[in-house]
Amino acid sequence: RLASSAAAQTRWRAPTMTIAILGAGAIGQLLAHQLASSGCQPLLIVRPDKCCQPLQKFTLETRNGSYCRMFPCLAIDAAAAEFSNINLLIVTLKAYQVVNTLLALLPKLSQHCQLLLLHNGLGPHRQLIPLLAGRGLSLGTTSQGALRIGERQIRHTGSGITQLGDITGPAMPKKLQSQLLQAIPDSEWCDDIMPALWGKLAVNAAINPLTAIDNIPNGALAEKHYQQQIQTVIAELVKIAKFEGLSLDNDTLLQRVNQVISLTATNYSSMQQDIQHQRLTEIDAINGYLLQLAQQHDVELPVNQSLVAQVKCLQTQLMRCSH
Ligand code: PAF
């Protein structure tokens, strides 16, 4: 009887949904490990030159030890049939890579594939919405920290909350929603995700350009001279959010920015690292997104404008040097 009930259990196991992750950087790999440890088998979609084998070993280092896992990998230029079973595509690319990469991938995805974008900044979703052809789009933000220490090796550097929510089209199916919430520690589903995304945008708009321009760790921003600039960056962000129909609280945002500055005092921001490694930054989706909105509403944001100009100037100089 035991054997037959075990067989029945096997027969009745609910069909699993296929979750794929596009962008196997630090956050993409971290999510893959977290999904795997909660019983899902995520598929990683990678660049053709990174897809040497269909199953590849990935390593996660945590305070409690190292975990090695084998993940199936699919090259982004693989045949369409291989993408048709994906129920959820989690996109962990940099903001500036999202639209072009998805333009090529969307025609290969099923009509029912849900998309979830997780990147710093805002903006790509607006370009993506007209291209979705009826698919559902969700957005999210995470404060988890992960550092890439090898091609397929990461270190989990900090816990933090992850907030997810639907933006347009069909809602994320409940089964996928609960798979994500179960896998990602400290995660929550938000009926209105926009305030959470703007909260993270405020953190990035205040910390990233200042640390990149002056080549300093996040903690240096606690100095008085930076605090004055941060206050203006946030005041301008609150002003433009109001034109977008969002009422944000200036003091709450400032408190949050300063909390992140103190919690990550010895860390270097992603933009500081991008500049140091002569990579393109996400400035267009962070302070640049505020400027885009300001232009639409015919409003001036002088401090954000100056930060964008300085980062772009650094970016161009460094890119020129690297060629
Ligand atoms: O982009 C980053 O570096 C991070 O989002 C943050 C929160 C600013 C910490 O460095």
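An oxygen atom of the ligand lies 3.4 Å from an N or O atom in the side chain of K200, in what is a predicted model. The protein covers 81% of the 280 Å² of accessible area that the ligand has on its own.

**Around the ligand**

- The residues around the ligand are N120, K200, V203, N204, N208, N218, V260, S269 and S270, and this shell divides into two nonpolar residues, six polar ones and one charged one.
- Helix α6, which spans residues 194–214, gives the most to the shell, contributing four residues.

**Helix α3**

- Within helix α3, which runs over residues 95–105, the buried residues include A95, V98, V99, L102 and L105.
- Viewed down the axis of α3, these buried residues fall within an arc of 140°, so they line one face of the helix.
- An α-helix has 3.6 residues a turn, so residues three or four places apart point the same way.
- On the other side of α3, by contrast, N100 and A104 are exposed.
- The cover over the buried residues of α3 includes the strands β1 (18–22), β5 (86–91) and β6 (114–118), together with helix α4 (124–128).

Technical notes: Residues are numbered from 1 along each chain as its sequence is written. This is a predicted model: local features need pLDDT of at least 70, side-chain atom pairs count only at pLDDT 80 or more; totals for chains, interfaces and linings use all residues. Side-chain values use heavy atoms; hydrogens and water are left out. Buried means under 20% relative accessible area, exposed over 50%, partly exposed in between (1.4 Å probe, protein chains only). Helices (H or I, at least four residues) and strands (E, at least two) are DSSP runs, numbered from the N terminus. The arc is that of the directions from the helix axis to the C-beta atoms. Contact means heavy atoms within 4.5 Å. A residue is near a molecule or strand if one of its heavy atoms lies within 4 Å of it. A polar contact is a pair of N or O atoms within 3.5 Å; within protein, one must be able to donate a hydrogen and the other to accept it, and residues adjacent in sequence count only if both atoms are side-chain atoms. Accessible areas come from the Shrake-Rupley method with a 1.4 Å probe; for residues, only the protein chains shown count as cover. Ala, Val, Leu, Ile, Met, Phe, Trp, Tyr, Cys and Pro count as nonpolar, Asp, Glu, Lys and Arg as charged, and the others, Gly among them, as polar.
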